[in-house]
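Let us walk through this chain.

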Amino acid sequence: FMSLEDGKRAEEKASSYLEALGYTILTCNFHSKFGEIDIIAQKEGVIHFCEVKFSQHYDPLWRITPSKLAKIIKTIGYYFLRYPSSSDYQIDAILVTNEKIEIIKNISY
């Protein structure tokens, strides 16, 4: 089972990874009454809403369920109410294991 500390470390690793790839981190842990978005970043005019998943034992992508995605989408709606923007956006998953970090771009179903 994952501790809060593991999650925090995974998010920090993911933020550093994104910055190394040329993303600008806009905010981390953006909350709404619907849920939370781990990292909101921007690159080349596109806003990336990033869900960070950490796992030591299996593919963390399986932890992003349709109901989790629905909460993320509602939270994105709230984000744009607070911070209006005409930028394109997408939802990305950042999968962190002990060995590697990878981005799965545009995960919406």
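Predicted model: local features only at pLDDT ≥ 70, side-chain atom pairs only at ≥ 80, totals over all residues.

Residues are numbered from 1 along each chain as its sequence is written, and side-chain values use heavy atoms, with hydrogens and water left out.

Now widen the view to the strands around that pair. Strands here are DSSP runs of E with at least two residues, helices are runs of H or I with at least four residues, and both are numbered from the N terminus. Two strands count as paired if DSSP finds at least two bridges between them. Strand β2 covers residues 36–43, and five bridges join β2 to β3 in the antiparallel sense. Further along this pairing, I39 stands opposite C50 in β3. The two strands form a hairpin with two residues between them. In that turn, E44 has a positive phi of about 50 degrees.

What lies on the other side of the story for V46? V46 also stands opposite D88 in β4. Strand β4 spans residues 88–96, and nine bridges join β3 to β4. Here the strands run parallel. So how covered is β3, residues 46–54? Eight of its nine residues are buried, where buried means under 20% relative accessible area, exposed means over 50%, and partly exposed lies in between (1.4 Å probe, protein chains only).Next comes strand β1, at residues 24–31. β1 and β2 pair over six bridges, in the antiparallel sense. A hairpin of four residues joins β1 to β2. N29 lies in strand β1. The phi of N29 is near 55 degrees, a positive value in a residue other than glycine. Most residues other than glycine have a negative phi. N29 is partly exposed, because its relative accessible area is 26%.

F34 sits in the loop between β1 and β2. At 33% relative accessibility, F34 counts as partly exposed. Which residues does F34 touch, leaving aside its neighbours within four places in sequence? F34 is in contact with K71, K74 and T75, where contact means heavy atoms within 4.5 Å. F34 and I72 are 38 residues apart in sequence, yet their C-alpha atoms are 7.7 Å apart in space.

Helix α2 runs over residues 66–82 and includes R82. R82 counts as partly exposed because its relative accessibility is 46%. The C-alpha atoms of R82 and K8 are separated by 25 Å. Along the chain, R82 and K8 are 74 residues apart.

Move on to the segment after β5, which is at residues 101–104. N106 lies in this segment. The phi of N106 is positive, near 55 degrees, in a residue other than glycine. With 46% relative accessibility, N106 is partly exposed.

Now step back to the whole chain. The chain holds two helices and five strands. From the N terminus on, their order is α-β-β-β-α-β-β. Of the contacts with a separation of 6 or more, 52% are between residues 24 or more positions apart.

The overall dimensions come next. The chain has 109 residues and a radius of gyration of 13 Å, which agrees with the value near 13 Å for a compact globule. That radius is taken over C-alpha atoms, and the globule rule is 2.2 Å times the number of residues to the power 0.38. Along the principal axes, the C-alpha atoms fill a box of roughly 40 × 30 × 25 Å.

Buried residues make up 39% of the 109 residues. The accessible surface of the chain comes to about 6600 Å², and 53% of this belongs to carbon and sulfur atoms. Accessible areas come from the Shrake-Rupley method with a 1.4 Å probe, and for residues only the protein chains shown count as cover. There are 13 positive and 14 negative side chains. Lys and Arg count as positive, Asp and Glu as negative, while His and the chain ends are not counted. The centres of the two sets lie 6 Å apart, with each charge placed at NZ of Lys, CZ of Arg, CG of Asp or CD of Glu.
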